[in-house]
Amino acid sequence: MQLSAHEVGFRYEKKGWLFRNVSLTISAGEVVGLLGPSGCGKTTFARLLAGYESPHEGTILLEGKPLGKRGYHPVQMVFQHPEKAVNGRWRMRRILEEGGHPGDELLSDLGIEKEWLHRWPHELSGGELQRFSIARALGPDTRFLIADEMTTMLDAITQAQIWQSVRAIARKRGMGIVVISHEQHLVQRICERVVDFQQFT
């Protein structure tokens with residue numbers, strides 16, 4: 001299975017093109033890094049890959065077909081700020097089950113304590129909430145994970161633990177990962193291939 005961008009471009013009505021002619025293919029089981037400074041368009045491109053927005057030119061294809069709009073999406077994205085990606089009126093158990101319960105082993109690997117399942121989002125720290133966001137994104141039908149500055153708010157030790165767990169899950173499932181970051185040392189350490197996104201801006 002492959003997730004592909006073909007000559008993709010995105011523009012703002014008053015500011016012009018943010019990026020153009022982006023072509024990138026991520027294969028199942030591959031970990032690809034997109035490196036670049038803030039404001040270069042990495043997050044916008046990530047949203048295109050995950051189907052949150054549509055490109056103004058070019059196409060995004062999953063296994064050669066346009067991304068579907070119904071049912072559980074096989075391309076999942078984890079945002080830098082988890083509080084913006086969850087429903088504050090739901091307890092954490094319901095939020096997790098939105099993508100299919102990931103299983104106790106995964107929760108343990110991500111350092112999620114069972115008692116947290118009964119809490120509201122505002123009762124968790126940013127790091128704890130991000131662990132839930134990652135677990136929810138790793139539902140049983142996920143084939144590609146888009147990680148946008150996913151562990152930026154975590155300390156170095158926790159970052160390493162989270163990435164070790166996520167990469168192990170990806171290898172087991174044959175799942176592709178796109179790592180969005182401005183931290184060169186991070187993408188070089190965990191990615192098999194690194195793309196400098198500034199070349200498209």
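Residues are numbered from 1 along each chain as its sequence is written. In this predicted model, local features need pLDDT of at least 70 and side-chain atom pairs count only at pLDDT 80 or more, while totals for chains, interfaces and linings use all residues, and side-chain values use heavy atoms, leaving out hydrogens and water.

Helices (H or I, at least four residues) and strands (E, at least two) are DSSP runs, numbered from the N terminus. Four strands make an open sheet in the order E2-E1-E4-E5, paired antiparallel. Its edges are E2 (16-27) and E5 (65-66), each of which pairs on one side only. Strands count as paired if DSSP finds at least two bridges between them; E4 (residues 57-62) and E5 are joined by two bridges. Leu62 sits opposite Lys65 in E5. In general, the strands of a sheet pair through backbone hydrogen bonds, either parallel or antiparallel.

Helix H1 (residues 42-49) lies across E1 (2-12), E2 and E4, at about 130° to E1. That angle is taken between N-to-C directions on a scale from 0 to 180 degrees, with axes as lines fitted to C-alpha atoms, for helices over the stretch in contact. Contact means heavy atoms within 4.5 Å.

**Helix H4**

Ten of the twelve residues are buried, including Leu129, Phe132 and Ile134. Buried means under 20% relative accessible area, exposed over 50%, and partly exposed in between (1.4 Å probe, protein chains only). The buried residues of H4 pack against E6 (75-78), H2 (92-97), H3 (104-109), E7 (144-148) and H5.

**Arg167 in H5**

Arg167 belongs to helix H5 (residues 156-173). Beyond its neighbours within four places in sequence, Arg167 touches Val31, Ile190 and Glu192. With Glu192 there is a side-chain polar contact of 3.4 Å; such a contact is a pair of N or O atoms within 3.5 Å, and within protein one must be able to donate a hydrogen and the other to accept it, while residues adjacent in sequence count only if both atoms are side-chain atoms.

**Cysteines**

The whole structure has zero disulfides, a disulfide being a pair of cysteine sulfur atoms within 2.5 Å.

| Cysteine | Relative accessible area | Class |
|---|---|---|
| Cys40 | 8% | buried |
| Cys191 | 11% | buried |

The closest cysteine sulfur to that of Cys40 is in Cys191, 15 Å away, so the gap is too far for a bond.
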